[in-house]
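Colleague: Could you walk me through this one before I set anything up? I'd like to start with how the pieces are named.

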Number of protein chains: 2
Amino acid sequence: VLTSRALDEAVGATLFLKAENLQRSGAFKIRGATNAVAILGARGVRHVATYSSGNHGQALALAAAEAGMLCTVLMPTDAPEGKSAATRGYGAKIVTYDRYTQDRRALAEQLASDTGATIVPPFDDAAIVAGQGTAVLELLEDVGDLDVVVTPIGGGGLLAGSCLAAAGRVTRLVGVEPDARRAARDALAAGHQVEVPVVRTICDGQQTERVGEIPLAVLLQHRAEVVGVTDDEVVAAMRFLLHRGKVLVEPSGAAGLAAALTGRLGRVAGLRIGVVLSGGNVDVSRLTGLL
Amino acid sequence: VLTSRALDEAVGATLFLKAENLQRSGAFKIRGATNAVAILGARGVRHVATYSSGNHGQALALAAAEAGMLCTVLMPTDAPEGKSAATRGYGAKIVTYDRYTQDRRALAEQLASDTGATIVPPFDDAAIVAGQGTAVLELLEDVGDLDVVVTPIGGGGLLAGSCLAAAGRVTRLVGVEPDARRAARDALAAGHQVEVPVVRTICDGQQTERVGEIPLAVLLQHRAEVVGVTDDEVVAAMRFLLHRGKVLVEPSGAAGLAAALTGRLGRVAGLRIGVVLSGGNVDVSRLTGLL
């Protein structure tokens, strides 16, 4: 948990940053993956698979390796070399597909039925949601009850897990999505899943077309809120964290802080705010481009 | 204290990184400054001054502000705007001078006799040396005894303080200086201070022309070692820390890790190595240039 007086002054509140960028595999995703692998392992599963090319893929590869389990990750042929290298480095098998002509979920189901692997989806899964919630559980253990907890939202696993972990100990739970992607805000307003087209945003961890069914049910039950931030606001937050906090976060990892720094959280003067810096997996060359 | 399995694999040893880049004021210098200000304050001093335009200047400004003491910092007219803004932000008064025509130490002494301020030098001072040593003291408290402790060396305050803190608990103490600046290696070989011209290096925290007299006596007594690293090796270590560790260090802050990553520490296979990441104060624009 990082704190910064410069940040507190900028926001006019007391902020506690849960630094999941410093987490193993570089993101909170290792929490859900570890939980899912533990549960599946206890049921005798020896081979897991997923179709996420992002942080969840790397996290599942690592969690499976530590449990002595096989892991297969479907990745688009044009995935960044850094991501496939890291996933392979954790001992996973990579199967590539053409993202423009092939449906990754159908391919994953085919792979599962061919190999007997169990698919571990990136967010729409109770074990994943519960695992992700341990980030906020630890944050509350470290700093006590909070007025607001802010996390990025893509598929909703992290925010839903945070709602479960925070029940009764946090007044407001706020998700932050890219301004151009309204999947979470529209779903909360409608009360059901809303599918949106993939939008252009630097927040590659949050381009998912919809919030998962399981996470959404939790968000509605716990009256979670969602706000949007622009890419420019996210870059400014990344810069602030580098310059004043000396830590590197990926764009989605800075979304929560961007909301706090731009007033998108509404009236928070004097409050105690927890912000999950969800991950730090950004290539150095991409980083210099963004900055 | 940060750890990284990727780093341990790269070095073939177990590394413990003391992250002084996350320290208040962005560097270990706040330790010595706080100690000096506490000692001087107890003696009734109400105004301190220094001629360091680097991290020590910022640290002294902050330590003085917290103690309710006046602080004056001499800075060259062409100091980076970020550094003077930060120093001013901590409430210090800045007096500028022309670094090409004026002698900063003479100016500081004049200032002291005019205003009654007490000069707190950046490294050649027992209170400063003792304060800097608390970084390694805390490291040993956290992780236990170590085989090797590595820190950057400029004027020698940090390495000398580390020797005092580590006595009997660490086998080897190693300082790392820019390859082009032999002030520390030559002084240890000669057994007395050696003055060298200011060299070109990206390690701006280690351009000092000599190791201080007080630190050098401690280094000789404790048989500390010093090795050199090139600027390219330092940039590679900064990159490694950003990419794998998700933390930002300034060039001098990465010097210790650069020595570990390039084999400059000699045979360290299987050993437990503490590395002080001494600071993180590097402008984002300079960072992108270096990367």
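Modeller: Helices and strands here are DSSP runs, helices (H or I) of at least four residues and strands (E) of at least two, numbered from the N terminus. Please keep in mind that this is a predicted model.

Colleague: Fine. Then where is S25(B) found in those terms?

Modeller: S25(B) sits in the loop between β1 and α2 of chain B, and its phi is positive, about 70°, although S25(B) is not a glycine. That deserves a remark because most residues other than glycine have a negative phi.

Colleague: Is S25(B) buried or exposed?

Modeller: S25(B) is buried, with a relative accessible area of 9%.

Colleague: Switching to the dimer side: how many residues are in contact between chain A and chain B?

Modeller: On chain A there are 21 residues in contact with 21 residues of chain B, and the area buried between the two chains is about 1,700 Å², with carbon and sulfur atoms giving 64% of that area.

Colleague: And how many salt bridges are there between chain A and chain B?

Modeller: The count between the two chains is two salt bridges; one of them joins the side chains of R5(B) and E66(A), at 3.6 Å from N to O. Six residue pairs are also in polar contact between chain A and chain B, both residues of each pair being at pLDDT 80 or more.

Colleague: Which elements of chain A give residues to that side?

Modeller: Those giving two or more residues to the side of chain A that touches chain B are α11 (231-245) and α13 (284-290) of chain A, and α11(A) gives the most, with four residues. By type, the residues on that side of chain A divide into eight nonpolar, seven polar and six charged.

Colleague: Now the charges: how many salt bridges does the structure hold over all chains?

Modeller: Over all chains there are 28 salt bridges. Among them is the pair R169(A) and D145(A), whose side chains meet at 2.7 Å, N to O; this pair links distant parts of the chain, 24 residues apart, with R169(A) in the loop between α8 and β7 and D145(A) in the loop between α7 and β6 of chain A. R169(A) is partly exposed at 32% relative accessible area, and D145(A) is partly exposed at 43%.

Colleague: What about R185(A) and E177(A), buried or exposed?

Modeller: Both R185(A) and E177(A) are buried, and they form a salt bridge in which the closest N and O atoms are 2.7 Å apart.

Key
Residues are numbered from 1 along each chain as its sequence is written. Chains are lettered from A and ligands numbered from 1 in the order in which they are written. Side-chain values use heavy atoms; hydrogens and water are left out. Contact means heavy atoms within 4.5 Å. Buried area is the accessible area (1.4 Å probe) that two parts lose on being put together, summed over both. A salt bridge is a side-chain nitrogen of Lys or Arg within 4 Å of a carboxyl oxygen of Asp or Glu. A polar contact is a pair of N or O atoms within 3.5 Å; within protein, one must be able to donate a hydrogen and the other to accept it, and residues adjacent in sequence count only if both atoms are side-chain atoms. Ala, Val, Leu, Ile, Met, Phe, Trp, Tyr, Cys and Pro count as nonpolar, Asp, Glu, Lys and Arg as charged, and the others, Gly among them, as polar. Buried means under 20% relative accessible area, exposed over 50%, partly exposed in between (1.4 Å probe, protein chains only).
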